[in-house]
Each structure stands twice: as C-alpha cells, then as structure tokens.
Amino acid sequence: LVLFSLVSAAFAVCPAGYQQINGGDCFKLYTTQQTFDSAEALCVQDQGHLASVHSAQEQTALTAIMGATTPLIGMKCTDAVPGHCTWADGTAVDYSNFPGGGPILAYGSCVHLSTNDQSWYSWNCAAPIAGFVCRIPFNPPPATTCPAGYSAYKGGCAALKTVAKNQADAEANCVLDGGHLASIQSEAENTFYQGLGTAAGLTNNIFIGLAWNTAANGYKWTDGTVYNPNLYNKFANQFPNTVFGECVQMMLSTEFGTLGQWTNIPCSTQMAYVCWKPSGDTPVKAPAQCPGIQFFYDQGTVYSPNFPASIPAGQSCEYILVTAVGTRVSVNFPTFSTDAATSLALYNGLDDATPFTRLSGTVPTPQTSYASTDNVMKMIFTSSGNPNGQGWQADFVTTGGDVVDPVTTPPFDPTSGCPQQQYTADTFVYSPNWPEPYPPMADCLYYISSKNNKKMSIEFGYLDTEQCCDFVVVYDGPNNKSPILATVSGQSTPTVTKYYSTGTTLALEFFSDSNNGGMGWVATVYNL
C-alpha cells in the first residue's frame, strides 16, 4: 500500500507510458539496451532527460517500477565525490546512494540502479545496459509546434529530407523552411540524427551542415554555429580530408568506419539530409538573396526574396516564366505588398526592353491576371534601399493557344542523345535530357547564330554539374575550333556572369565523364 501510494496513476497528466511519482515529475522505464548517450538521446525525444533522483522517497518509488532491471540514470561523475557529479537535466546533486559513499570510477563514470539493495553503482558510459529511466517535468513547457515532416527536438524542429539534393540545394531547402542543415554539438545530438536516418530505413549517407570554408580557412556550420573539433567532432579515422570533398556527410553505412561517423564528400553529391529550425520562426518561401536568373516552366508559384518575412534591400532579381510554344503565360498576385520605390516589372519575351506593366505598393485586385503575348514572360524585381512590406507571391499558368512543342523538352538527335544542334539568339540552350539529370559520357555540340548580324551574350541561369569532370565550353566562333570564351562547371552562384561574343556566332560543347553527374544546365542567349 505504501509503494502504491508513492506511484500515482496520473496518466492524464503524464505522456503515454509515463507515471507520476510522489505527485511530482513523470518517469518511464525503457528496457532496451542502450549506452548513456543513446539513452539520453531517446529521453530528449520525449522532451526529458535521463532521470535524476533527489530523495530516498523517489528512489523507493523508482524501485517499484524497475522490476528486475538495473537501469541507467542521468548521473555522470568525474571523481569519487558525489557532489562533484552532474545530472543530465542540469539539476543539483542533493542526494546519492552509493555503497561506500561515492562512485568507483574504475568501473566507469556513469551510474545505474540496483533492485537488490536500492544502491547506485558505477558503469561504463560506452557500454550498453538493459534498461534506463527517463524523467520529464510534470508541467513541461507547451509542446513545440512543428510543420509537417518535422518533429520537436531541442526546443525547435528537426527533419530528415529523403529527396536527394546537392549540399547547396539541401541548405537552400532548409532555409526555405526557416532553418539550416543540422549542426551537431554532442554525441546525443549525433545519435538523434543518425536515428532519424536509420528509422527511415536509409542505408546511404546524409548531409549535415558542416563544410570547408575557404575564406575562413576552416570548417563552418551553415547556421553560423562555431565548429570546435576539441569540444565535439565525429570524424572517422583519416578524416577530415578535403581530397574527398569539401562537404561533410554522416555515415549510415560502414563504408569508411562505423555508423554515425563523419567523412568528407563532394558538395555536388546528391543525397538525403537533415534540417533543424527554431520554433516560432516564420518559414520563408524564397532565399533572401537572388540566386541569379531563375527559370520556371509551365505553371507554378514564384516568390519575392525572403517572402513573406520582409523584403531585403537593394535586390535586383530576374525571373523567366516559360510555357509551351504557341501558348501564353498568365500570372496573378494573391499577395503583393511593397513600398512605392520597390517594383516588379513584367516584360513580353526575353529581349523586350519596355515592361508592359510595372507593379508596386499593393495590387488592388489580386484576381487580376497579367498575360504575355507569347510563351515567355520576364519579370524583374527591384527593391529600394529601405523597403517595406512582405513582398509578393505570383501564381502563373499556361493560357491560350495550342501546345506545339514543350520548351522544356528540346528535340533530341536519336543517334547521339544530344539536343538539337542549331539555335538562333534570344533562346534557351539545355543540357542533354533536361530537365532530368544529364547522362554520363555525353559529348554534345551546339551552334548558335545571332539575328541581323548582331553580337550575342550568353549566361548560365542554372548550373549543376560535377565540378571536376563535367564541363560546358563556350567558343567565340562558329565551331569547337574557335577561341575558348569560357569553361563552366559546378553549381550556380548568386552572381551570374555574362559572356559576350566578338562576332555573330557561338558554339558550345558539353562533356560528361562516366560517373553520375548533376541536374544539368540552362543557358540563355540574347541578341545584342
């Protein structure tokens, strides 16, 4: 009867599986084998920690739910003085029950309970033990509200993203959700993110937020957190080593070490990744800085930089909306809010120098549609030095006409697997198989002529190729024997470089090696 009164069945106030003890906090016995760090990671998922014990009454009540187990609790010790030990939940050490008065570090710096004599015994933190006890506050803070696909973790929200992306695109996707690629500062955190991958059945590796930063001459987390390898790192033997790549992956296989260890990987590699975002942040739909010219096809939604949080100052962004040949682009703005000096100009086609409309302030009738005269609409957004408003959302669709030939699927030469070879300026040129990833061992030539004997400019609005081995070579002349104007590879950068012909012709040649590459590239050629 005494023990029953100490263990209250207050399930209405404790999460499922937890029991309230002595009218205080909620406790749960897990019976799986875990090390200290992996057990603590599981307790943190429950919004608690490995249990602290603060009185003989709590000790007695815990014995009633332990059964025959000898579970870990949340204590770690650095010497034989109990008062120098620490609890995982940060509470004060005001009670202990070691036989002999203190821990015996020869057996380890962690602690487990015993059902035989209710005493505490030292244990090797790295050795698994069958059982551990978690403790969560009786009145925990309100549960963190996380968006779909995210789960509450460390006061914010964490997610595993299984759609493979290169590191830059993975970070951009995390930023759109209001966070960054995950930074990891402890073994418990590493175990948590490893667990997300293994629970999803992944056997390949995942990007984390660590990467070599040439300007800083060191590794940096993408969220700005300081990387200090002396405080925590999980690199496998012989790593870090930028010979293997400048980005960092967590291994969910044993290719170069053990599960959960880190190795280098090329940033262009496509793989799953983990994000973490603080709670309460407004997720933004677009990066704060324009990533160069952006292309959108057929139908979809386009956002101003940093929408809907705020408009960044001094931006000049170009968006190209493309529908099938023979149709037109129709766009409307469900949300539009800027200051008078910030504007969005809409143009017919690529080379139109005068916009057919310019929008700023607010759009009086959000249902109003603005249509181009052909299948290409260019939008240029310019923000003031001191902008106001949340920006804009543009929804565009295909309207009018008959579909003649989808712009996004250029005709192929069936003998070579390459797109068509002949082009005239004011056009797009694509990598083979666009918008799908380009094939290995490609060797494609493109010949471009200007209109009216004018010169041309060419720029790569989208670029994702293997940095080392897959290249686009731009020749200033009619063929691949002409002088080289540029050699392009890697990933898109915020600043797009334009290259100019000295005559009326350009040639492009694209090479790829035998390895899997990236998504490809899109070049825009303008008549000057």
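Author: Lys 378 holds its charged end over the ring of Tyr 347, at 4.9 Å from the ring centre. A charge sits over a ring if NZ of Lys or CZ of Arg is within 6 Å of the ring centre and within 35 degrees of the ring normal. This is a predicted model, in which local features need pLDDT of at least 70 and side-chain atom pairs count only at pLDDT 80 or more, while totals for chains, interfaces and linings use all residues. Residues are numbered from 1 along each chain as its sequence is written, and side-chain values use heavy atoms, with hydrogens and water left out.

Lys 498 lies over the face of Tyr 526, 5.4 Å from the ring centre. Tyr 526 points the same way from β37 as Gly 520, Val 522 and Thr 524, whereas Trp 521, Ala 523, Val 525 and Asn 527 point the other way. Helices (H or I, at least four residues) and strands (E, at least two) are DSSP runs, numbered from the N terminus. In a regular strand the side chains alternate between the two faces of the sheet. Buried means under 20% relative accessible area, exposed over 50%, and partly exposed in between (1.4 Å probe, protein chains only).

β37 has antiparallel partners, among them β32 (residues 456–464), joined to it by 8 bridges; Met 456 has Asn 527 as its bridge partner. β30 (residues 427–430) also pairs with β37 in the antiparallel sense, over 4 bridges, and Thr 427 is bridged to Val 525. Two strands pair if DSSP finds at least two bridges between them.

For the rings themselves, the whole structure contains 30 aromatic pairs. Rings of Phe, Tyr and Trp (its six-membered ring) pair if their centres lie within 6.5 Å; planes under 30 degrees apart count as stacked, over 60 as edge-to-face and the rest as tilted. Trp 221 and Tyr 227 make an edge-to-face pair, with 6.2 Å from centre to centre and 75° between the planes. Both Trp 221 and Tyr 227 are buried. The pair of Tyr 303 and Phe 307 is stacked, because the centres are 5.4 Å apart and the planes are at 20°. Tyr 303 is partly exposed, with a relative accessible area of 22%, but Phe 307 is buried, at 6%.

Trp 221 and Tyr 227 also belong to one aromatic cluster with Trp 212, Tyr 219, Tyr 232, Phe 235 and Trp 262. Contact means heavy atoms within 4.5 Å. Leu 210 and Trp 262 are among the residues with the most contacts inside the largest nonpolar core, which has 26 residues. A nonpolar core is a set of buried Ala, Val, Leu, Ile, Met, Phe, Trp, Tyr and Cys residues joined through side-chain atoms within 4.5 Å.

Trp 221 has a further contact in Val 226, which also touches Gln 185, neighbours within four places in sequence being left aside. Val 226 lies in the loop between β14 and β15 and is exposed, at 65% relative accessibility.
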